[in-house]
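Hi there,

Here is the structure I promised to pass on. Have a look at it first, and my notes follow below.

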Amino acid sequence: MSEPVFDRENGTIVIGGSRLVFHCHHYNVFLQRSLEDALGDRAVSIQRRAASEAARTMLERLFAQAPSETFAARMTRAASLFATLGFGRADVSEVTPMGGLVTISPSHYAVGWIAKFGPSTRPVDHFATGFFRGALTAAAGLAPERVDAEQRACASMREGGATEILLKVR
């Protein structure tokens, strides 16, 4: 199951045994900016690693429920979940078990950043970058340290643009 389920007894929303917390773009981009102000350049890698680990853990549980599912089906499911959670529409059709390009349009963080602060001078889709690194790791059954993710373009830097994330397997 890849859809969020409301657990009435505990008052929580879960997917594959992982609890979820929803926040609006105001909260998310302000938190991100606060981390960057406080931690400087370290904030980017910390946010990306946290998103990667959270996505990998959640998706590995989901993929274990359908062990015969193909790599492409798993990546499509990850992109569908990403959209269901409100983070944007991602095209993962170019991603193979060896990496590839993820294109996101629109992106929750990019749209939120522009709405809250105006166009950015640097990439801000750290969550998406980490999420799809974790998705590739889980879908291909790779050790996390084998996958690199680089944000090549960010929709926050130009209205109407797309976010592009390049995934590479070492």
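I counted a salt bridge wherever a side-chain nitrogen of Lys or Arg lies within 4 Å of a carboxyl oxygen of Asp or Glu. By that rule there are eight salt bridges. Please keep in mind that this is a predicted model.

Four strands make up an open sheet, in the order β4-β5-β7-β6, with antiparallel pairing. The edges are taken by β4 (88–91) and β6 (147–153); each has a single partner strand, so one side of each is left without a neighbour in the sheet. From one strand to the next, the twist averages 25°. At the β4 end, three bridges join β4 to β5 (residues 99–107), and the two run antiparallel.

Now for the salt bridges themselves. Arg122 pairs with Glu36, and their closest N and O atoms are 2.7 Å apart. This pair links distant parts of the chain: Arg122 sits in the loop between α4 and α5 (126–140), while Glu36 belongs to helix α1 (residues 25–39), 86 residues apart. Are the two partners buried or exposed? Arg122 is partly exposed, because its relative accessible area is 33%. Glu36 has 12% relative accessibility, so it counts as buried.

A second one joins the side chains of Arg170 and Asp148, at 2.8 Å from N to O. Here the segment after β7, which holds Arg170, is linked to strand β6, which holds Asp148, and the two residues are 22 residues apart. Arg170 is exposed, with a relative accessible area of 56%, whereas Asp148 is partly exposed at 33%.

The closest N and O atoms of Glu164 and Arg152 are 3.8 Å apart. Both partners are partly exposed: Glu164 has a relative accessible area of 24%, and Arg152 one of 47%.

Finally, there is a group to look at together: Glu53, Arg56 and Glu60 are linked in a network of salt bridges.

Best wishes

Terms used
Residues numbered from 1 in each chain as written. Predicted model: local features only at pLDDT ≥ 70, side-chain atom pairs only at ≥ 80, totals over all residues. Heavy atoms only, no water. Pairing = 2+ DSSP bridges. Axes fitted to C-alpha atoms, helices over the stretch in contact; angles between N-to-C directions. Buried < 20%, exposed > 50% of the residue type's maximum accessible area, 1.4 Å probe, protein only.
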